[in-house]
Amino acid sequence: MSYNKVNQSIMLKKVFGSAVFGVEATTITVEVNVDTGIGYHLVGLPDNAIKESNYRIAAALQNNGYKIPGKKIIINMSPADLRKEGSAYDLTLAIGILAASKQIQAENLEDFLIMGELSLDGKLQPIKGVLPIAIKAQEEGFKGFILPKENAKEAAIVSGLDVYGVENIKEVIHYFDKGEALIPTIINVEEEFNKNLNFPEFDFSDVKGQESIKRCMEIAAAGGHNIILIGPPGAGKTMLAKRLPSILPPMTIQEALETTKIHSVAGRVKANSGIMAQRPFRSPHHTISNVALVGGGSYPQPGEISLSHNGVLFLDELPEFKREVLEVMRQPLEDREVTISRAKFTVTYPSSFMLVASMNPSPGGYFNDPDAPVTSSPAEMQRYLSKVSGPLLDRIDIHIEVTPVPFEKLSEERKGETSVEIRKRVIQAREFQTQRFAESELVHYNAQMNTKQIRKYCVLDEASKSLLKTAMDRLNLSARAYDRILKVSRTIADLEGSADIKGSHISEAIQYRSLDREGWLG
């Protein structure tokens, strides 16, 4: 008899949340046990933000006509050996406490995954990592996902899962307790994806003049080549770089999901927006730290190179970046992923991006210009340029000098070619490459070719070989320039729809190796 009395006074409820590690989610079971006695005990490796949640939950419940019962509450977040962080468990814990203390009836609680940060008045604040959480919830067979309204569109990308965006804890309480319906968020992924595809934010038609640079950008986009723009201040380097994503081939649905996932984990998906249709363009400041660029931290987060996955990473004023920051980029540029290791776990973030860098030709901004307002001594110039020499430059295929646009061109009314028109040619060139590398899992476009593939796909006739040899001798091009020229000439041939590399392709590719010439980098 006494055993039954004790048993009746213990009330246990399970409610489900989720934790994100890298770009994958793990389901967290929150067990709430209400017993006779007094006290509030939260276990299972919660961080400070979760430990403080009882104050937010108490105020939110109080302001909505409910309360944390004055009993002994034990909450376990399982698996207990996995570190949980952030304020996104507020709603999970609050609903668990209400259900376990019988303040609400919640028969079907285990069918749902519930996440959200609470304000003191019970309103819900947006959370991070919603897309990987929704993917995991769908995989594990949950019927629904209840979360803040601002995140609902992002989660609704996942089919086969009912997504309920709510504004206040009251809506969740009334749904479980009184059966008041919640309206699911439904989006047409294809429609969302295609909506912004042909309306890029920055368009090449805005650029006056600079035809040779536009051509260079087109070649870089067609072959996935990394590129560096060298020119004085105000020549239009940043303007051109910002428009590069608009001529890259449209993202596939798979690429868009990958990209949205990374931005979701970092909390960078815009409020009330679903899938990311445009390729990302990231432009970190030159004072950036290693961790911010590559990712990491005590609770690892994706860095700028992962946020630019499937898009463009733009490093403006390359020599101003700290040398060690540039050095840590070498491995991600080769492997197209970043692995961050800690004592207890390892996370991997994808980082397949196009690198676009820009730099002034000298510390003062002007190179060998007698009319320049600022001049630099040879020693200053050598010190400035030596910051980017070596292995990083080895991974950049195209170097191009950008000159200021003359007034006549600036004042022209005629509009240039649009990004959509240029993109058509880029897509066509990429289709040739897709067929060429169909058997290779790691290589998708020309810039990724290894030495063996260069020998196979970049065969030159005698006239082209002779031209390349003469250019290398006369311009004193380094050995590393040889493979780069072949890769770029292969892309130029693809843009023309030519199966063979011709002399004209080689001669154009040679022009794009400015920094290898004598007198630039020593």
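Contact, in these notes, means heavy atoms within 4.5 Å. I'm working from a predicted model.

**Entry 1: Ile-146.** I looked up what Ile-146 touches, skipping its neighbours within four places in sequence. Its contacts are Leu-91, Phe-112, Leu-113, Ile-114, Met-115, Tyr-164, Val-166, Val-172, Phe-176 and Leu-182.

**Entry 2: the cores.** Next I asked which residues touch the most other members of the largest nonpolar core. Ile-146 is one of them, and the others are Leu-91, Ile-95, Ile-114, Phe-145 and Phe-176. That core has 69 residues. Helix α4 gives the most to it, eight residues. I also noted a second, separate core of 49 residues, with Ile-219, Phe-314, Ile-398 and Val-488 among its members.

**Entry 3: Ile-95.** I picked Ile-95 from that group and found it in helix α4, which runs over residues 90-100. Buried or exposed? Its relative accessible area is 0%, so I wrote down buried, the cut-off being under 20%. Again leaving out neighbours within four places in sequence, I listed its contacts: Ile-104, Leu-109, Ile-114, Ile-169, Val-172, Ile-173 and Phe-176. I then checked Ile-95 against Ile-114: they sit 19 residues apart in sequence, and their C-alpha atoms are 8.6 Å apart in space.

At its start, a side-chain oxygen of Asn-168 comes within 3.0 Å of the backbone nitrogen of Lys-170. Just past α7, Gly-179 has a positive phi of about 75°.

**Entry 4: α22 and α23.** Val-488 from the second core also turned up in a helix pair, on the α22 side. Helix α22 covers residues 479-495 and α23 covers 503-511. I read off a packing angle of about 125° and an axis separation of 8 Å. At that angle the two helices are therefore oblique to each other, and their crossing is right-handed.

Which residues meet there? From α22 I noted Ile-485, Leu-486, Val-488, Ser-489, Ile-492 and Ala-493. Across from them, α23 brings His-505, Ile-506, Glu-508, Ala-509 and Ile-510.

Note on methods. Residues are numbered from 1 along each chain as its sequence is written. This is a predicted model: local features need pLDDT of at least 70, side-chain atom pairs count only at pLDDT 80 or more; totals for chains, interfaces and linings use all residues. Side-chain values use heavy atoms; hydrogens and water are left out. Helices (H or I, at least four residues) and strands (E, at least two) are DSSP runs, numbered from the N terminus. Buried means under 20% relative accessible area, exposed over 50%, partly exposed in between (1.4 Å probe, protein chains only). A polar contact is a pair of N or O atoms within 3.5 Å; within protein, one must be able to donate a hydrogen and the other to accept it, and residues adjacent in sequence count only if both atoms are side-chain atoms. A nonpolar core is a set of buried Ala, Val, Leu, Ile, Met, Phe, Trp, Tyr and Cys residues joined through side-chain atoms within 4.5 Å. Axes are lines fitted to C-alpha atoms, for helices over the stretch in contact, and angles run from 0 to 180 degrees between N-to-C directions. Angles under 35 degrees count as roughly parallel, over 145 as roughly antiparallel, 65 to 115 as roughly perpendicular and the rest as oblique. A crossing is left-handed if the near helix is turned anticlockwise from the far one by less than a right angle, and right-handed if clockwise.
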